[in-house]
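This report goes through selected local features of one structure. Look at the sequence and the model first, then read on.

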Amino acid sequence: MSKGPGLFSDFGKKAKDLLTRDYLSDQKIFISSFTDSGVALTSNVVEKGGLSSGDVAAEYKHKNATVGFKVDTESNVITTVSVTDYPSSTKFIASVKLPDFNSEKLDVQHFHHHAGVTAALGLNKSPSIDFSATVGTPTIAFGAEASYLTSTGDFSKYNAGVSLTRPDSNALAILADKGDSIRVSYLHHLEQLNGGAVVAEISGRFSTNENTLTVGCSYVVDSTTLLKAKLNNHGDLGALLQHEIKPKSFLTVSGSFDTKAFQKTPKFGVGLSLKP
């Protein structure tokens, strides 16, 4: 794939990951293994509120093609086929979820040195059409996305934004929900955090006059241990510790607290990711 502004869905991804990724409020076990022939097997089990759910997945890669299957505890079977760089800088993704035969979907992604374009079409009688486009460079990019419902002839969403990226920082501004909400974030890597980062995000909705300010940080204790924390203006505090037990196998412990109501029971989550 060519280097360029990337896709609109990747705008602000680093800041979002720092504030949301690996924070758990339940118990989770994830196990994966790989074979020399290119087959990856994964198993995922989650316990939440006394209920358990999970899935088993297999993925096979050969040259620029990937075929994946996933079966979950609700008897859903998801099949995905993707082909990369055929033609050059283009990726095709076809997926279907059974027994829902109306879930067939085809995605096309094209990357250029100064642009990125995606289109997704549901393969049914009244499909929705999703498309996005970005223009710019790896340093500054402008983008927009929209979803069109052929059944009603209406746009269900349209968003637009700008992303500024430097080696040690990233800034983002997105106008979303048909112009009703806005999200602005800034992430900066600091040497004092051993390669960690600090982030601040402001989100607001004009129709309800609701605003949320969230700040967070990550600190690399050593090559195997990561600490993360976040706090918003509503008093919601989250903390996370992740330790690499062995190469590519992680133990994650996280908790969330309402600092404005200490009488409420804190929520804790534990996750275990194993790669034999």
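## Salt bridges

The structure contains five salt bridges, a salt bridge being a side-chain nitrogen of Lys or Arg within 4 Å of a carboxyl oxygen of Asp or Glu. Side chains of opposite charge can pair when their charged atoms come close. The model is predicted: local features need pLDDT of at least 70, side-chain atom pairs count only at pLDDT 80 or more, and totals for chains, interfaces and linings use all residues. Residues are numbered from 1 along each chain as its sequence is written, and side-chain values use heavy atoms, with hydrogens and water left out.

One of the salt bridges joins the side chains of Lys13 and Asp17, with 2.8 Å from N to O. Both residues belong to helix 1 (residues 13-20), where they are four residues apart, about one turn of the helix. Helices (H or I, at least four residues) and strands (E, at least two) are DSSP runs, numbered from the N terminus. Lys13 has a relative accessible area of 42% and is partly exposed; Asp17, at 21%, is partly exposed. For these labels, buried means under 20% relative accessible area, exposed over 50%, and partly exposed in between (1.4 Å probe, protein chains only).

## Bridges between strands

Glu145 and Lys157 form a salt bridge whose closest N and O atoms are 3.7 Å apart. Glu145 is in strand 10 (residues 140-149) and Lys157 in strand 11 (residues 154-166), so this pair ties together parts that are twelve residues apart in sequence. Lys157 is partly exposed, with 32% relative accessible area.

Another salt bridge is made by the side chains of Glu201 and Arg183, at 3.5 Å from N to O. Here distant parts of the chain are linked, as Glu201 lies in strand 14 (residues 197-205) and Arg183 in strand 13 (residues 181-189), 18 residues apart. Glu201 is buried at 15% relative accessible area, whereas Arg183 is partly exposed at 24%.

## Aromatic rings

There are three aromatic pairs in the structure. The ring centres of Phe155 and Tyr158 are 6.5 Å apart and their planes stand at 80 degrees, so this pair is edge-to-face. Rings of Phe, Tyr and Trp (its six-membered ring) pair if their centres lie within 6.5 Å; planes under 30 degrees apart count as stacked, over 60 as edge-to-face and the rest as tilted. Phe155 is partly exposed at 37% relative accessibility, and Tyr158 is partly exposed at 41%. Together with Tyr148, Phe155 and Tyr158 form one aromatic cluster.

A charge also sits over a ring: Lys230 lies over the face of Tyr23, 4.2 Å from the ring centre. The criterion is that NZ of Lys or CZ of Arg is within 6 Å of the ring centre and within 35 degrees of the ring normal.

## A nonpolar surface patch

Leu175, Ile182, Val184, Ile202, Phe206, Leu213, Val215, Leu231 and Leu237 make a nonpolar surface patch of about 710 Å². Patches are made of residues with over 30% relative accessible area and no salt bridge, with like charges joined within 9 Å and nonpolar side chains (Val, Leu, Ile, Met, Phe, Trp, Tyr) within 5 Å. Accessible areas come from the Shrake-Rupley method with a 1.4 Å probe; for residues, only the protein chains shown count as cover.

Strand 13 and strand 15 (210-222) each supply at least two residues of this patch. Leu175, one of the patch residues, lies in strand 12 (residues 169-176) and is partly exposed at 40%.

Ser82 is part of strand 5 (residues 77-84) and is buried, at 11% relative accessibility. Leaving aside residues up to four places away in sequence, Ser82 touches Asn64, Ala65, Thr66, Lys91, Phe92 and Ile93; contact means heavy atoms within 4.5 Å.

The loop between strand 5 and strand 6 (90-98) holds Asp85, which is partly exposed at 36%. The C-alpha atoms of Asp85 and Ala200 are separated by 36 Å, the two residues being 115 apart along the chain. Ser89 is also found in the loop between strand 5 and strand 6, and is buried at 11%.

## Backbone details

Ser89 is not a glycine, yet has a positive phi of about 65 degrees. Asp177, in the loop between strand 12 and strand 13, has a positive phi near 50 degrees and is partly exposed at 38%.

Leu98 and Pro99 are joined by a cis peptide bond, with omega about 10 degrees. Pro99 lies in the loop between strand 6 and strand 7 (105-112).
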